Amino acid sequence: MRVLGIETTCDETAAAVVALRPGGGGEILSNEIYSQIAEHAPFGGVVPEIAARAHVERLDGLVRAALQKANVRLADLDGIAAAAGPGLIGGVMVGLTAGKTLALVARKPFVAVNHLEAHALTARMTDNIEFPYLLLLVSGGHTQLVAVRGVNDYLRIGSTVDDAVGEAFDKVAKLLGLPYPGGPQVELRAHQGDGARFALPRPMHGRPTPDFSLSGLKTAVRLAAERISPLSNTDVDDLCASFQAAIVDVIEDRCRAGLRVFREKVGYPSALVVAGGVAANDAIRRGLSRFASGAGLKLITPPPALCTDNGAMIAWTGIERQLLGLTDGFDFAPRPRWPLDQNPDRAHHGKA
Ligand code: KG4
Ligand code: ZN
């Protein structure tokens with residue numbers, strides 16, 4: 001089974017072809033991506049109108065390249081999948097319409113993919129792991145702990161009440177005068193800084209509900225910076241290191257709470273899976289690996305290129321859903337908001 005996947009929900013335009021391996025898991029035949037970071041950087045964040053336009057300009061070429069590199073024709077595919085949300089509406093419309101059109105013309109089954117479900121299922125493509133597992137999704141737009149019980153069967157057990165973790169990194173970078181996107185910059189500066197110099201809060205610490213709150217931490221960084229301004233390079237390094245140390249503690253503590261809730265409500269997870277752009281952070285990876293080994297859990301961190309937005313995860317989700325007969329009609333509308341654990345109207349389209 002080979003499926004084309006299309007991703008256009010944020011600032012990455014991507015197309016990929018993935019094949020189902022005989023024993024399970026996916027083989028990525030091609031994974032084409034155009035990152036729009038350079039186009040948004042002058043504005044310090046993603047500009048929806050620029051993103052939509054760039055998707056229009058780039059998507060055709062990426063789909064063509066993805067098919068070529070996979071050495072398949074449209075006619076050889078078994079299905080076409082496109083992200084239908086959540087995300088920026090202009091971009092979602094571009095990818096969703098392209099996917100539907102290709103499926104219509106080539107007479108292939110069509111799958112409208114929830115972008116969050118695609119992040120959630122990536123570890124099954126890369127590591128062929130069993131349900132259920134605990135997912136920590138940490139990106140610029142999302143911060144969630146999810147019990148992944150099966151395809152189309154998710155229980156969100158925690159999320160952020162204010163900023164996403166990546167968003168907090170980006171905002172801290174901005175207030176310290178570092179370029180966008182801030183996450184990698186903060187990590188770089190933290191490397192040479194003193195993480196114990198500033199006593200920053202660990203919001204939600206010890207709370208049994210596995211939610212996150214990060215805006216207070218970001219404010220604490222701002223206040224600490226204002227107190228010692230003007231900032232020297234060393235001050236910036238130390239602020240970055242102290243902030244990152246706080247985030248590592250917060251993530252570990254929230255995962256501990258998440259695991260407890262998981263065991264109460266779902267049972268024993270086969271693994272802790274981390275996804276989203278923030279999973280590229282080495283200090284966070286090390287913190288999670290410490291936590292997982294302490295808890296006797298297998299930790300799965302897909303390679304960074306599959307943690308951030310990509311087409312392969314959309315194609316893989318298309319495969320997983322098609323195997324269950326969960327295909328969609330061409331009337332499927334884009335969904336700017338689409339929580340993982342709310343699929344009230346999906347049963348209409350699916351056969352399973
Ligand atoms: O998943 P992603 O590529 O896009 C979405 O938000 O969907 O994640 C991007 C986010 C940005 O906020 C970026 O600053 C953050 O991930 N990020 C990092 C690192 N690399 C990317 N945060 C901390 N450390 C990093 N090394
Ligand atoms: Zn994403």
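**Figure 1. Leucine 4 in strand E1.** Leucine 4 belongs to strand E1, which spans residues 2-7; helices (H or I, at least four residues) and strands (E, at least two) are DSSP runs, numbered from the N terminus. The model is predicted: local features need pLDDT of at least 70, side-chain atom pairs count only at pLDDT 80 or more, and totals for chains, interfaces and linings use all residues. Residues are numbered from 1 along each chain as its sequence is written, chains are lettered from A and ligands numbered from 1 in the order in which they are written, and side-chain values use heavy atoms, with hydrogens and water left out. Leucine 4 is buried, at 0% relative accessibility (buried means under 20% relative accessible area, exposed over 50%, partly exposed in between; 1.4 Å probe, protein chains only). Leaving aside residues up to four places away in sequence, leucine 4 touches Ala16, Val17, Val63, Leu67, Leu77, Gly79, Ile80, Ala81, Leu102 and Ala315, where contact means heavy atoms within 4.5 Å. Between leucine 4 and isoleucine 300 the C-alpha to C-alpha distance is 25 Å, at a separation of 296 residues in sequence.

**Figure 2. The zinc site (ligand 2).** Three residues coordinate the zinc ion: His115 and His119, each through NE2, and Asp309 through OD, at 2.1 to 2.2 Å. Donors are N, O and S atoms within 2.8 Å of the metal (3.2 Å for Na, K and Ca); water is not among the atoms, so sites may look incomplete. The spacing of the donor residues in sequence is H-x3-H-x189-D. Histidine 115 lies in helix H4 (residues 115-127) and aspartate 309 in the loop between helix H10 (304-307) and H11, so this pair ties together parts that are 194 residues apart in sequence. Histidine 115 is buried, with a relative accessible area of 3%, and aspartate 309 also counts as buried, at 13%.

Figure 3. Leucine 214 sits in the loop between helix H6 (182-191) and helix H7 (215-228). The relative accessible area of leucine 214 is 0%, and the residue is buried. Beyond residues up to four places away in sequence, the contacts of leucine 214 are Asp162, Asp163, Ala164, Val165, Ala168, Ile247 and Val250. Arginine 202 is 12 residues from leucine 214 in sequence and 8.7 Å away in space, C-alpha to C-alpha.

Figure 4. The structure has 18 salt bridges, each defined as a side-chain nitrogen of Lys or Arg within 4 Å of a carboxyl oxygen of Asp or Glu. One of them joins lysine 218 to aspartate 163, with an N to O distance of 3.2 Å. This pair links distant parts of the chain, 55 residues apart: lysine 218 is in helix H7, and aspartate 163 is in the loop between strand E8 (153-159) and helix H5 (165-175). Lysine 218 and aspartate 163 are both buried. Within helix H5, lysine 171 pairs with glutamate 167, the closest N and O atoms being 3.3 Å apart; these residues are four apart, about one turn of the helix. Lysine 171 is partly exposed at 31% relative accessibility, as is glutamate 167 at 26%. A further salt bridge connects arginine 197 and aspartate 238, whose closest N and O atoms are 2.8 Å apart. Here too distant parts of the chain are linked, 41 residues apart: arginine 197 is in the loop between H6 and H7, aspartate 238 in helix H8 (residues 233-265). Arginine 197 is partly exposed, with a relative accessible area of 35%, whereas aspartate 238 counts as buried at 7%. Salt bridges with shared partners join Asp163, Glu167, Lys171 and Lys218 into one network.

Figure 5. The structure holds zero disulfides, a disulfide being a pair of cysteine sulfur atoms within 2.5 Å. For cysteine 10, the closest cysteine sulfur is that of cysteine 307, 16 Å away and too far for a bond. Cysteine 307 is likewise in no disulfide; its nearest cysteine sulfur belongs to cysteine 255, at 14 Å. Cysteine 10 is partly exposed, with a relative accessible area of 26%, and cysteine 307 is buried, with 1%.

**Figure 6. A nonpolar surface patch.** Met1, Leu323 and Leu324 form a nonpolar patch on the surface, with about 250 Å² of accessible area together. Leucine 323 lies in helix H11 (residues 312-323). Patches are made of residues with over 30% relative accessible area and no salt bridge, with like charges joined within 9 Å and nonpolar side chains (Val, Leu, Ile, Met, Phe, Trp, Tyr) within 5 Å. Accessible areas come from the Shrake-Rupley method with a 1.4 Å probe; for residues, only the protein chains shown count as cover.
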